[in-house]
Amino acid sequence: MVHFRINTVKRFLIIFGAIAFLLGNLKKLIAQNTPQPYFQNYSTEEGLPSPEIHCIFQDSKGYIWIGTDNGVARFDGYEFKNYAAKDGLTKNVVFGIQEDSKGRIWLSTMSGETFIFENETIKPYQYNEAITKYRGKYFIAKLKHIDKEDNAYFQLEKYGILIISKDGKQELIEPYDSQKRNIVFYGVDDVIISSYRSPIKTSTNSGEIKIVVAPLFKCSLQFIERNKKDIILESKEIKNRDNFGTEKCGIYLNPKKTKKIYYFSNELCFIENDTIKWQIPFNLKINRIDFLSNNHLLFSTKDKQGLVEFQNIENLKKNIYKQYLDGHTIHYVYEDRNNGIWVGTKEKGVYYCANFKNRAYEQIVGKDQFISTICKKDEKNLYLGSSAGDIIELNTKTHEIKNVYSDDFLKGQYNHVLKYDESSDIVWTSNGYIKDHQIGYLFRDNFIIPRKLEGVRDILLSHSRKEAYVANSAWIGKYNMETMKWKYNSWDLSIQDFRKPFTLYEDHKNQILVGREDGIFTLTNDNFIPFIDDPFLQTRIEDIDQLSNHIYILGTKGKGVVLWKDTIQQTYTENDGLASDMIEKIHVVNDTIWVATLSGLSRIVQGANKEVRTFNISTGLPSNEIYDIESNNGKIWLATAKGLVKFQEVPENKFSLPPYLSSIQIGEAFFNSDTTASVNYQQNNIRVDYVTFNYKQQGRIPYRYRLHSNDKWIETKSTTALFTDLRPNNYMFEIQSQNEDGYWSESSVFPFCIKPAWYATWWFMGLSIVVVSGFIYWRFKRLAKQSAKELALQKEKLKLMDQEVTLQAQIRDLERSALQAQMNPHFIFNCLNSIQNFIIENDQKNAVKYLAKFAHLTRQILNLSIDGKVNLVQEIQLLENYLSLEKLRFKNKFDYQIKIEPQINQEEIEIPPLLVQPFIENAIIHGMGSRAVGGRIEVDFTQSDDFLRISVFDNGLESVHHLKEIESKHKFKSVGMNITKKRLALLNEADENDMIQFEEIRDENKNRVGTKVSIAIKI
């Protein structure tokens, strides 16, 4: 008997345990399938320095600051910028973040030390020693608040509250009774700072210090507000719990601060008008309590209990809540200025929710699957089709999933459509139907379509519920819903039209409409008859619906939404605010048109103003990819790529935050956005970095900017604007951003001026006008005075012209005379006589050679005399030929040498022809004629300043004085040299006697060795 009872008890315990296990797992399963707000996760893969988050804060500019156990991160909606030890934050575990009235960011760390971020630099707080001197007495020190007077309020957990003034004065607030476990709450501005102290005893035994915690049975609340008398509230008796050492939480529940709630020692205490209204046990382990702008309470829990939401105080008292992010330990919750919710976890970084009202079922189907289609069963239940072929029934009230239909034949077959026939209780799917919990197959029996053509795009249950029309990717079929047999299909009927059908619709006239890739057709007598004869609508029709006034709603691929009745009534495209022109589904509820696209959800309210509003991830949807829409019990349900969404429309946001100009660079200089820059004309390149802190848009923010108020806007999604080679002018950089509802913000502006060059400034232009005007006036007066002198000036000009003509005539005469001088009969006679002597002496070789040289020299002189100037190379060649000819004529009585300075450019220097030859001729006639042998002639060319200097040296026996006497007696022999003197005088614009110098050359014994003639030619 005893044995039987023991076995019975064992069986009972086993069964009870199994039931408890199943119930526990069922509860967990249901909890997992409870619709959740959609949270965007940011962790180390997105740029956070650590997944362990301790605090979150939004500064006055709009940046989100995130304190982690590995430094602090600053987020602008695009990227994280991390600060750690290398940036001056030598203590990396950041527990608290605050901003003071000067815009400085204060960072408190686990060690108790605080750091200040200012101008991209982190420096330690100058009064850190005032905090750390209590180290060992507090558990953790956190900066909780900074008031307008720069007083800093620190929570010294398990010890008290420390206040440090701007000048370093310190005030320590401790619980009033050190013999009890007392919590002290300090209220300042809109912040409650709490701490408590555990009484201790110390005793010394053989030098060893022992700490003993006194037994306690009551806990008192001490509430302090600035400028208000302390209030001591004695709580009810509570048991001494092991986890009493957790951080205490306290918040204000109304602006007047008359309602407060506190959590301590696993109890919640609600105080109103300084009176404890109720005090209840609370089993969730709490890290933090936050009061949202919608009056909901969020509890951050420990031990991976997630985020707990209470809609009001009554629900809190009754312990009615919703739980999100199950499996996460929540350290911090923060609501930003756009009502976005940021949740800091211990293990997974930060979760961000743009719209806390939307709810999504994310775990209904397996991994790598999604809900592709929805249909309504009744007011509480929905049928869901997955991308992998499964059919799911969801109770939207209890969130329970049941009747999961899956079959190997249908496995992997994408569900494009679900239709439910309430009269027969049949669920029609893309690949079969479900009746009496059994799966029937559309394509197994009595059907000739090969398997590869399976996959229904749409199913239409006729109004009579006698036929079902099925649109496959290449055909239309009619199915008898009573016999569950095919009546026909377009393939069997050999209808030679293989245009793909995409949607089926039965209108108010019971016409079966088929949306194809080439427009809309009616299925009449088993044939496709065009329904709309409009070229604009000869395009792919993806879905069809009707309004109550029988206007057709057509969803197209590429042309948006078209309203048609007899003619096109209206079109809605991306230009009107539609999410996309590529439509997936259309759903009409009370003449409101809901449009699903792969770029978001749009709502159209028909009217003259084209009222269109679009919803996407910026407004809280988990995904922009919307595959299907259904309405049930007044709610809109969406099949998205990231779960089933119970859609909750948020109020339209007509305010768009202006962009923040984070960096302005002109040339090499940087400027603040609140200044006006003025730079010179060479600094004409500008770069502006900007950002709008709208975290809902997740870095997909449209911007537009311009430089002048009358310029066209330049639209972009970049956060940088670059301008190069700007002209001098006054500019006004103006930029706006667009919010999630399409509203443009007010402009953020930065005026700057690129100054013109000094010669283009107004003062210079004005001065120039004055100078020019003065000059014109002076010139006018001067011309008036000179009018009397005009005739005299004209006469003077004529005189000068006559002189010029005379001068030119003299030059031409001199040129002819020079040519004649070179070719005088005496020279020609002597040359011919020499040739005759060679012939008489039968010296034919020298005769021919001499004759050739004579002919060449004659041709050179004639050619050079034609040109006004010749280069030095040509002149030297002539002199070379002349000297060689004279040397032959004089029987080699002399030698000659022509020397030229190396730096002289013989090709570039040009001189009048036949200037040097007369001096060489004079040296030969008067110098070499007196010598029998050993004669020497040297011609030197040198350059000095702007003159080419030429010297002719001969070692003849006549002195300079003797030469001058000969010249005076025999003027005919120096005609060439006289002409040359005059030519030099005209060329150099100087006296002819200054152009030629004669000198006797003597040796060291003052014996005369020769004569040297020097001339200078201006070049």
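This is a predicted model: local features need pLDDT of at least 70, side-chain atom pairs count only at pLDDT 80 or more; totals for chains, interfaces and linings use all residues.
**Entry 1**

I started with strand β10, residues 141-146. I found 6 of its 6 residues buried, so the strand is largely enclosed by the rest of the structure. I then looked up its pairing with strand β11, residues 152-156, and noted 5 bridges between the two, which run antiparallel. Within this pairing, L143 stands opposite F154 of β11. The hairpin of β10 and β11 has 5 residues between the strands. In this hairpin I noted D150, which takes a positive phi near 65 degrees.

**Entry 2**

Next I took strand β12 (residues 160-164) and strand β13 (residues 170-173). They run antiparallel and are joined by 4 bridges. L162 has L172 of β13 opposite. I counted 5 residues between β12 and β13 in this hairpin. The turn holds G168, with a positive phi of about 95 degrees.

**Entry 3. The sheet from β36 to β39**

I looked up an open sheet of 4 strands and wrote down the order β36-β37-β38-β39, with antiparallel pairing. Its edge strands are β36 (419-421) and β39 (438-441), each of which pairs on one side only. From one strand to the next the twist averages 25 degrees. I also checked the pairing of strand β38, residues 432-435, with β39: there are 4 bridges and the strands run antiparallel. K435 has Q438 in β39 as its bridge partner.

**Entry 4. Salt bridges**

K377 and E393 form one, with their closest N and O atoms 3.1 Å apart. The two residues are 16 apart in the chain: K377 is in the loop between β32 (371-376) and β33 (381-386), and E393 is in strand β34, residues 391-395.

R613 and D741 meet through their side chains in another salt bridge, at 2.8 Å from N to O. This pair links distant parts of the chain, 128 residues apart. R613 belongs to strand β55 (residues 611-615), while D741 sits in the loop between β66 (729-737) and β67 (748-754). I found R613 buried at a relative accessible area of 3%, and D741 also counts as buried, at 14%.

The side chains of D895 and K887 make a salt bridge of 3.0 Å, N to O. D895 is partly exposed at 46% relative accessibility. K887 is partly exposed as well, with a relative accessible area of 22%. I then looked for salt bridges that share partners, and noted one network that joins R603, E611, R613, E649 and D741.

**Entry 5. N381 in strand β33**

I went on to N381, which lies in strand β33. Its relative accessible area is 8%; buried means under 20%, so N381 is buried. What does N381 touch, leaving aside neighbours within four places in sequence? I listed contacts with K376, E393, L394, N395 and N632. E393 in that list is the salt-bridge partner of K377.

**Entry 6. Nonpolar cores**

I turned to the largest nonpolar core, which has 53 residues. Which of its members touch the most other members? They are W65, I97, W342, F733 and F752. Apart from this core lies another, of 41 residues, and I noted L879, L885, I904 and I950 among its members.

I followed up F752 by listing its contacts, without residues up to four places away in sequence. F752 touches I666, A677, I686, L707, L726, N729, N730, Y731 and F733.

**Entry 7. Helix α9**

Last, I looked up helix α9, residues 917-928, which has 12 residues. The helix reaches 15 Å from its first C-alpha to its last, and I noted that this is close to the 16 Å expected at 1.5 Å a residue. The helix is mostly covered, with 11 of its 12 residues buried. The buried residues include P918, F919, I920, A923, I924 and M928. I also found Q917, E921, N922, H926 and G927 among the buried residues of α9.

Key. Residues are numbered from 1 along each chain as its sequence is written. Side-chain values use heavy atoms; hydrogens and water are left out. Buried means under 20% relative accessible area, exposed over 50%, partly exposed in between (1.4 Å probe, protein chains only). Two strands pair if DSSP finds at least two bridges between them. A salt bridge is a side-chain nitrogen of Lys or Arg within 4 Å of a carboxyl oxygen of Asp or Glu. A nonpolar core is a set of buried Ala, Val, Leu, Ile, Met, Phe, Trp, Tyr and Cys residues joined through side-chain atoms within 4.5 Å. Contact means heavy atoms within 4.5 Å. The expected span of a helix is 1.5 Å times one less than its number of residues. Axes are lines fitted to C-alpha atoms, for helices over the stretch in contact, and angles run from 0 to 180 degrees between N-to-C directions.
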